[in-house]
Every structure is written in C-alpha cells, then in structure tokens.
Amino acid sequence: MKTKILTIALLSLALTSCDDYLTRDPMDTVTDKQEFWNSESNIRSSVYDLYTTYFPGYRSSWERADFYSQTNVADWTDDNAQQQATFFTKVAPTTAASSSWNFDDLRTINLIINRVENSALGDEPKNHWLGVGRFLRAMEYAKLVSRFGDVPYFDEVLGNTDYDKLYKPREPRTTIMDNVLADLQFATQNIRIADGTAGLVINRDVAKAFASRIMLFEGTWQKYRAKNTDYAKKYLQAAKDFAQAIMDENKYSLCADYKALTTSVDLAGNPEIIMYRSYIDGIVTHSLMAFQNTEAEIDSPSRSFVNAFLTKNGLPVHQQGNTMYKGDKWFFDEMADRDPRLLANVDQTGLRLVGAADVWAISGYFANRFVNPDLIDSPGGKSNTCITDAPVMKYNEVLMNYIEAAAELAELGAYTLTQADFDKTINTLRDRTSTQMPHVQLAGGSLSVNGTVINDPDRDADVPAVLWEIRRERRTELAYEGIRFNDIRRWGKLQYADMKLNPDINRGAWLDKPRFVAWYNASHGKPITVDALKSITLDRAGDAGYIVPITDQALLRTYAEKDYLYPLPEDQLTLYKSRGYTLEQNPGW
C-alpha cells in the first residue's frame, strides 16, 4: 500500500511518455503556454508542487514539523517545559526573507486559477480545479491573516510594474476572511468527491475539514480578540456547518487505537484519516520519531500539560472529592487511573532524569506520542529515516471543531446546545476502544459525569464551565499536533504560554531524589547515588520538590499584547514608502 505515494511524488513521470519528454520544454524552463493548462494532468502536477507547503505532515529528512516541539508554533504553548525558553519575536524582522510576510505562493495560486479559468476544459473539470485553486488561496490567506491581521488582498496575477495594485494598502481582516469564506464555499461545492487516491489528495472532504478549522479560528478570534459579535456568529456558523457536512456523510469513524494515528507505518485505510502524508524508506522519510526515541528531550511535557488530563472517572485532578487521583508526589501514583490519552503521550516506565538516563527529559516526563515500539531498533525509527505516516487532517478534529463552534454559538445566543451534540462528538471520542472514558452529560450551564458535576478549581473565571471542558478535551485529543498555539491565540489566552504568569510550564514532575534513587537501583543494573541528580534543580530547598528547568527569571518566556500578531518586515515598509505608498506596521512593533 505504501507505494501509492509514488502516484504523487512521481506523477509527472507516470503520465508522460518517452516521446513527450523528447518534445516538451525542459522542466526547469517550462513556458507558460495556454495549451499547457488545457491538460488536467499538467494542472494536477502544478498543484502537487504546493502539497508540501500546505500539507507538510512531519516534513522530511531533518526538517522540524510543528508537531511536538522545536518550531515556534510547537514551542510557544504551555505543553512543554524547556531547557532553554523559546521566546516570542522580540523585534520586527529586517527583511521579508526572514519573515513569513511572503506572497510568492499566493501569486502561484492566482496564476493557476487564472489559467484554469481561461482553459479549454469542460465545466466539470474546470470547476473542480478552480475549486482546488480557491481552496489553496483560502488556506494561504487564512494563514496570512492569522499571523498578520489586515493584509493586502490579491486575487489576480499582477505584472512587475502594476505598482498601484502591487503596493495596495492592507485591507480589514473581515474583508479578507469574507473572501476566504467565499473561496471555501465554492471549493466545497465544486471540488470532486474523489480525485485520485483517498487520503493523499485534495478532495471535497479535505476542503470541508480544513474549512471548519479556518472558520473556527476566525470565529473565535472575532469573538475574543476583535470583539465583533456579528462576524463571530457568521464564521462560527460556517465552522459548524462545514464540520456537520462531513459528520452527516457517515463516511469516517474513529480508529480503535488513538496512538496509532501518530505511529502507523501506513495510514491507508484508517477510517479516521481524511488526509495524511505517506513516507517510504529510501523515497521520503522524516525524523520526528527519532526526536522522541534516541535523543534527550530538551523540551518535554510540562506540569501544565500533565495536569490537564482527567482521571478515569472523568473528573479534573484537582476537583474536590476526586479520590481517584492519587497525587503527584510519586510518578506511578500520578499516572495511575488517568485518561489513557495521557498514557499515550508520556512514557510510563518511569521518570527519565538527567544523571540517571542517557535519553532523558528536561521535565522528567518523557514524551513518546510519535514512537512506534516496533521500529525503535530499526532504521525506520531512527535518525532522519523514519517511515511512520503523518496525519494531516483527522475526523477527531472535525468533531472537536463542531462541538466548540456549537458551544460558542450557544454562548452568543445563536444556537441551543443539546445532549446530542455531545453524544456525537466528545462522547464518541471517549468511546474509542483505547480511550474508554465516561460520557459527559449536559445539564444547564455545566457538564457532569456519572452524576457528578465537573467543577475544575483551575478553570479561568472568564471561561464558562462547558467551554472549559470542551477546550480541555481538545487539548487532550489533539495533543502535540501543532494546534495548541493557534488555539490559545484565538481564545485570547496567550498568557498560558507566559512562564511567569503560568509557572506550571516551567515545572516538571515531583522528584523525591532519595526515593527515586532507591527505586532506580532496585530496577536497573547500574546503581546511582543522589549526587548523580545534583544538576536537577527543584522548586524548594532539600531533596524533594518539582523539577524547575529554568531558574533564572530573566530567561523565562513572557508575552506582550503585541505578540498576538506577527510584525511586518522593515524592508517592506521601506519599499512601500520608496514607491510613494504606505504600509502600516502592526500595533506595538
């Protein structure tokens, strides 16, 4: 089954004869002729060139993906403690080359749309490829707006001297996002239901699923950041509708094993996968598993991350009366009777400590969400030759997008939540064979499990109880998938990533050094002493306390209001000015 990646990686070879190669233009000097765009195979090849930009999966070779850690999107959250804090951007970049303020991909997409519009294709193929083009344009603009807010809007191919159009000012983000929504609506009505190997190509369900993600982001941004209720309702309704459209198809279901979503050698045929990236030994490989298999984790699960997971009775660990929680003063007690999704993210064999383990974790908790145990001793799980497939879009996210959009609409008075909404989303997720967590019941403005109202003492006062639990479920279900950073931004909760305001990011496991040494020496061949753990700093005097990776307060990550949006590069502001136009910087930069 894995060989089907070649249908994408080598499509141009498969669809081109020897005679074609002898007579066509060289691939590095392709001429933009209209007849080129009269061929679906040529259009398909052009679109495939954009796949690794918009659907990178685990990326390739030693490139780091936004999964888990060591990219800004992965690191600027509350999920990981860090040996060295990754700071938010401190100053505006000097050049566009060092910024994500870039419109090259947008120009490519607009060119594809223009050429398809003017092609000799029939109505059905033309509308399909226009839908694909407009879907990718929506993806690109959603990314730009997410990062920069207001941006210039381009929906045509411009020449190098079209200065009035090239140097147009930034337009309001609502204007841009209305255009994004229009593109998504066209795409989800015109892209083919099937077009090639399911899971590896853009089809209608892929467009709907990403549309639900994009609209959920913008709807909540409008509610919490822009304070624009009308637009919040509009975009949240779109998010709910896009997700509902997939759910109504009854085409997807949850796979039995939660962890298999991130550790499978082949995701083909997995009932939960809407889109994935396939990897093959010797063709395309990655390195993500190696970072959780063979290397010390300088970023590893934080106390904040671990505390977010419920106990098996469905209650928060700090809820009064939750006797199932055995406390956190001993690793095996802390992990006992917890949501199985925590056990799928953190190694259960014990703390991995500097001084005791060659492959250690800075917080003591060793993350292993992406580790396939069958590949640990093989090239397919080491170095940059990992072969596990990457989930790009899954049904579980669609379910979470639906229930959050529905709950947010309910808070705005635009929808009435029912028990059915939870039964077909969170309760369905909890019924997964490997999860088996108790169902939630809706009762007024609260959720309960087995007759006990969920009342988390750690809940933010400004977040309603139902939304708090939905957000917890989202963090739990979609852990380490590069989603958390944008979630806390759109909720207006970037303070969660501030190590001073949220000290549990800079805390790891509770460590009783003498007790740990006694346990370690009883279960390992080579004994150690307490002195072996001397480099580990605790949050209090003595030999027992929470691990604190960063002790210098000046080295902790903090956030400012300006960090919700990225800065524009200085050279672009100067370039606009030199042409007699104005490009305004984002507030605070």
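I began with strands and helices, which are DSSP runs numbered from the N terminus (helices H or I, at least four residues; strands E, at least two). Two strands pair if DSSP finds at least two bridges between them. This is a predicted model, where local features need pLDDT of at least 70, side-chain atom pairs need pLDDT 80 or more, and totals for chains, interfaces and linings use all residues. Residues count from 1 along each chain as its sequence is written, and side-chain values use heavy atoms, without hydrogens or water.

**Sheet.** I found an open sheet of three strands, in the order β5-β6-β7, with antiparallel pairing. β5 (441-443) and β7 (452-453) are its edge strands, each pairing on one side only. I traced β5 to β6 (residues 446-449) and found three bridges. Leu 442 has Leu 447 in β6 as its bridge partner.

Next I looked up α11 (residues 204-224), which has 21 residues. Is α11 mostly covered or uncovered? It is mostly covered: 19 of its 21 residues are buried. Buried means under 20% relative accessible area, exposed over 50%, and partly exposed in between (1.4 Å probe, protein chains only).

**Rings.** I then checked aromatic pairs: rings of Phe, Tyr and Trp (its six-membered ring) with centres within 6.5 Å, called stacked under 30 degrees between planes, edge-to-face over 60 and tilted for the rest. The count is 37. Phe 36 and Trp 37 are edge-to-face, at 5.0 Å and 80°. Trp 37 is buried, at 5% relative accessible area. Phe 331 and Phe 332 are also edge-to-face, at 5.3 Å and 80°. Phe 331 is buried at 5%, but Phe 332 is partly exposed at 30%.

How values were computed. The expected span of a helix is 1.5 Å times one less than its number of residues.
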